[in-house]
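Please open the model in your viewer and keep the selection tool at hand, for this tour goes from one selection to the next and says what is there at each stop.

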Amino acid sequence: MRISIVGSGYVGTTIAACFADVGHDVVNIDIDEGIVASLNDGQSPIHEPGLDELVAEHAGEGLRATTDYAAVTDTEVTFLALPTPAEDGGHIDLSVTKSGARSLGAALGESDTDHVVVTKSTVVPTTTEGTIAPIVAEESGMSVGDDLHVGMNPEFLREGSAVSDFLGPDKVVLGAETDRAREALRGVFDPLVERASDPPVIETGIAEAEMIKYANNGFLAAKISLANDIANVCREYDVDSEAVLSAIGLDHRIESEFLGAGVGWGGSCFPKDVAAIIAAARGVGYEPMMLEAAVEVNDRQPVRLLDRLREYVDPAGARVAVLGLAFKPGTDDIRNSRAIPLVEALSEAGSDIVGYDPVATDNFHGRYPDIDYADSAAAALDGADAALVVTDWPEFADLNGEFDAMATPVVVDGRRIVTRREGIVYESLV
Ligand SMILES: NC(=O)C1=CN([C@@H]2O[C@H](COP(=O)(O)OP(=O)(O)OC[C@H]3O[C@@H](n4cnc5c(N)ncnc54)[C@H](O)[C@@H]3O)[C@@H](O)[C@H]2O)C=CC1
Ligand SMILES: O=C(O)[C@H]1O[C@H](OP(=O)(O)OP(=O)(O)OC[C@H]2O[C@@H](n3ccc(=O)[nH]c3=O)[C@H](O)[C@@H]2O)[C@H](O)[C@@H](O)[C@@H]1O
């Protein structure tokens, strides 16, 4: 099928390259000329395992990019993969989505064939039908349900494994209200579903599809927070939380993934999506207490980590090594990294901070230019009065003799990744 994808960031680029790989003819539309040039040169504008190879293979053939929305008129279906950040107060900020919908509508107005517009972005229930569809219809002069059809297809890929998550999904959710939109979505996903050995395909309504995405992220974030709550109780009783959580994870009703207790969840999606659905729920008169508690527990974990530190070292004037700046291992993304509240609190307390991350240092430096950075964990630990472990990079599990160069070998581990050993004062958050 001929497909256009508006927005070529993490999601847009990944799905464009993967759709091309399953045999579709894909065009990516982005306002960023650098991104467009990079894609047309066969280079992925973002770093994801396997993506460079797919873009290199399909660029110029099944995959091309442009800044010109007119390209949508050569396609049957358009996916909107535009950012939906949180405003102050948590509400979803739809300004970019609305602007993309206006440009899309204006371009479709020049076409005399019908078109299917699918929301790929994470949006609160009713956004697709209540906000996006009316804008596209008004700008194009088309009529919803007649020559303009809309759908919603939430995305569940994770950064760091975007390609394999997209090509091997646990489920595919197709939200539509008309046969035309449902058939178009089936046509897009059939080859992928076949290649992925038939994962469940959920055909549902548009608002249900929108809500499934928030329910998915909200549940996972709350699951981690519940694991953290339980681990905090364990710690007060001097009970090994890892033994407890791995045991409960064996119950198939609980499942072991996303029970990793520690300094909490960050990233570009859990924080903004949980905030957005809380704000949306309040807007319709419901107080979502479990989701609010999930945020509260998450916000408290970095504070608890600093409390542990203070048991051994006064942060004022102390040299503190912060090991791990990315929001999770395997990425250079620092958005809502747990290192952010920690570095801010340490700065306020007057610490002399040295940060280290295998790949995210440049990004962190862009935001916090005034702290020191080291190019290895060993260099960060050299002369430090304490170390905080914030991201579970596998290389931190191998640290050993490097602790001997610390001024005082106090290690406060927010991810339970460092091995306890003689000669260091080891404190685990959970
Ligand atoms: N990043 C992730 O892992 C996941 C993200 N999502 C959701 O997908 C959506 C997109 O997220 P990302 O891909 O991470 O965003 P992103 O910020 O990486 O990419 C957005 C792209 O849109 C482009 N853009 C901005 N305004 C535009 C316009 N008017 N016309 C055309 N292009 C425009 C930007 O230049 C950028 O390349 C969000 O709703 C997000 O919540 C869903 C699942 C996973
Ligand atoms: O909507 C999105 O954008 C995506 O958000 C998450 O993906 P991502 O943010 O890339 O990363 P995750 O691997 O889910 O990790 C999120 C945060 O939770 C933390 N985490 C994860 C697992 C765990 O057991 N414990 C824990 O603290 C990680 O360190 C990280 O800070 C979801 O896992 C994806 O399904 C979803 O599509």
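Select the shell around ligand 1, whose residues divide into 12 nonpolar, 11 polar and 4 charged; here Ala, Val, Leu, Ile, Met, Phe, Trp, Tyr, Cys and Pro count as nonpolar, Asp, Glu, Lys and Arg as charged, and the others, Gly among them, as polar. In total 27 residues surround ligand 1, and the closest are Gly-7, Gly-9, Tyr-10, Val-11 and Ser-121, where a residue is near a molecule if its C-beta atom, placed from the backbone, lies within 6 Å of it. This is a predicted model, in which local features need pLDDT of at least 70 and side-chain atom pairs count only at pLDDT 80 or more, while totals for chains, interfaces and linings use all residues. Residues are numbered from 1 along each chain as its sequence is written, and chains are lettered from A and ligands numbered from 1 in the order in which they are written.

Now colour the helices α1 (10-21) and α4 (95-108), each of which supplies at least two residues of the shell around ligand 1. Which helix gives the most to the shell around ligand 1? That is α4, with 4 residues. The names come from DSSP runs, numbered from the N terminus, with helices (H or I) of at least four residues and strands (E) of at least two.

**The sheet of 8 strands**

Next, select the open sheet whose strands stand in the order β3-β2-β1-β4-β5-β6-β7-β8, with mixed pairing; two strands pair if DSSP finds at least two bridges between them. At the edges stand β3 (63-66) and β8 (201-204), each with a single partner strand, so one side of each is left without a neighbour in the sheet. Neighbouring strands of this sheet are turned by 25° against each other on average, direction ignored. Within the sheet, find β5 (residues 115-119) and β6 (residues 148-152), which pair in the parallel sense over 5 bridges, and pick out Val-116, whose bridge partner in β6 is His-149.

Then select ligand 2: where does it lie in relation to domain 1 and domain 2? Both domains give residues to the shell around ligand 2, so it lies between them. There are 21 residues around ligand 2, and the closest are Glu-159, Gly-260, Trp-265, Gly-267 and Cys-269. By class this shell has 10 nonpolar, 7 polar and 4 charged residues, and helix α8 (residues 206-236) gives the most to it, with 3 residues.

**The sheet of 6 strands**

Move on to the open sheet with the order β11-β10-β9-β12-β13-β14 and parallel pairing. Its edge strands are β11 (372-373) and β14 (425-428), each of which pairs on one side only. Strand β12 (residues 386-389) pairs with strand β13 (residues 410-413) in the parallel sense over 4 bridges, and Ala-387 has Val-411 of β13 as its bridge partner. Helix α12 (residues 339-349) lies across β9 (319-323), β10 (352-356) and β12, running at about 175° to β9.

**A last stop at the annotated residues**

Finally, select Asp-30, Thr-84, Thr-122, Glu-159, Lys-272 and Arg-335, which an unreviewed UniProt entry annotates as "binding site"; UniProt positions are given in the numbering used here, feature names are shortened, and annotations may be inferred rather than shown by experiment. They span 306 residues in sequence, and the farthest two C-alpha atoms are 22.7 Å apart, so they do not all gather at one spot. Asp-30 can be found in the loop between β2 (25-29) and α2 (33-40).

Notes
Two residues are in contact if their C-beta atoms, placed from the backbone, lie within 7 Å. Axes are lines fitted to C-alpha atoms, for helices over the stretch in contact, and angles run from 0 to 180 degrees between N-to-C directions. Domain bounds come from an automatic or database domain assignment.
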